[in-house]
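Please keep the sequence and the coordinates at hand while reading.

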Amino acid sequence: MKLASVTVDGVRRAGVVDAAGQSIALLATTADDVVRGGETRETGEVLPLSAVRLESPLHRFRRDVLCTGWNYLDHFEELQGKRGGQEPAALPERPTFFTKGPDTVIGPFDDIAYDPALSQKWDYEAEIAMVIGRDGRSIPEEKALDHVFGFLVANDVSQRDLQRAHGGQWLKGKSIDQTMPLGPWITTTDSVDLADMRVQCEVNGVLLQDASSAQMAFSFARIIAELSEGMTLRAGDVVLTGTPSGVGNAREPQVFLRDGDVVVTRVSGLGELRNTVTLTDLGRGRRER
């Protein structure tokens, strides 16, 4: 099943996209509710997919987006000497985790906010994301995928200078509003071949990232098992699984996103995101009233 989110007549609705990607059958609830165990009753309304605008599949977050760093060996190695003096001694033997704020999330065709007054180093990071579908704590690795509702595409757009400027932790440089495309739908685990998903990112038609999920240092199941150790994962949680090599910060010369750039992120079997980097005033130096 491909579970999507759309707004029809001012009401947010879940919908099931047909296998050919031509139409969407609306459900009587939201995708957030379906992921959390709600009903999947169809309303009988079927719309051409071309007649609706897909949104982020999820909108109701109970916590930050959970993320995995350095999960492709080639990505870890390409950043050697380029981490601003924050080099780890060696490749971690267990997954590296961090979080990013949920206000980063945008839809599969929404604009990526870009404010050069805030950062000069906006980087792309194509990733496979998981959506948890069943609560669990200290989940055994062999049962980990039983807790996954499905998979989708994400781009963990990062501000590299902010990432280095706040004590070496990653939260700030990963949590700028309106910067993480997610979608285009959630593909349930029974419809996904996890062994060899191709992860790609193009900027202005140039392929900059191209890898396979088979290259991941830690499997999807291992990530869940390690992350849930002593920590409850909840239905609706989103877990990013790392980006492969080819990021802009590691290139020579470096490649950073600018206003007007078109970023296409795709994962075989999961779909494609297409987002335009757009000049946005994120209010640097101003306080909310």
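Predicted model: local features only at pLDDT ≥ 70, side-chain atom pairs only at ≥ 80, totals over all residues.

Residues are numbered from 1 along each chain as its sequence is written, and side-chain values use heavy atoms, with hydrogens and water left out.

Secondary structure comes from DSSP runs, numbered from the N terminus: helices are H or I over at least four residues, and strands are E over at least two. Two strands count as paired if DSSP finds at least two bridges between them. On that basis, five strands form an open sheet in the order β8-β18-β17-β14-β15, and the pairing is mixed. Its edges are β8 (112-114) and β15 (206-212), each of which pairs on one side only. From one strand to the next, the twist averages 15°; axes here are lines fitted to C-alpha atoms, for helices over the stretch in contact, and angles run from 0 to 180 degrees between N-to-C directions. Within this sheet order, β17 (residues 262-267) and β18 (residues 271-279) run antiparallel and are joined by six bridges. V267 is placed opposite G271 of β18.

Another antiparallel pair is made by β5 (residues 65-69) and β6, over five bridges. In this pair, L66 stands opposite T99 of β6. In a regular strand, side chains alternate between the two faces of the sheet.

How many disulfides does the structure hold? There are zero, where a disulfide is a pair of cysteine sulfur atoms within 2.5 Å. The sulfur of C67 has its closest cysteine sulfur in C201, at 16 Å, which is too far for a bond. C67 is buried at a relative accessible area of 2%, and C201 is buried at 0%.

Side chains of opposite charge can pair when their charged atoms come close. A salt bridge is counted when a side-chain nitrogen of Lys or Arg lies within 4 Å of a carboxyl oxygen of Asp or Glu, and the structure holds 20 of them. One of these joins K100 and D156, at 2.3 Å from N to O. K100 belongs to strand β6 and D156 to the loop between β11 (148-155) and β12 (158-159), so this pair links parts of the chain 56 residues apart. Both partners are buried: K100 has a relative accessible area of 0%, and D156 also has 0%.

R160 and D123 meet in a salt bridge at 2.9 Å, N to O. Because R160 lies in helix α3 (residues 160-165) and D123 in strand β9 (residues 122-123), the pair ties together parts that are 37 residues apart in sequence. R160 and D123 are both buried.

The salt bridge between D135 and R234 has an N to O distance of 3.2 Å. D135 is in the loop between β10 (126-132) and β11, and R234 is in the loop between α4 (220-227) and β16 (238-240), 99 residues apart. D135 is partly exposed at 37% relative accessibility, and R234 is partly exposed at 39%. Elsewhere, salt bridges with shared partners join K100, D123, E125, D156, R160 and K174 into one network.

Notes:
Buried < 20%, exposed > 50% of the residue type's maximum accessible area, 1.4 Å probe, protein only.
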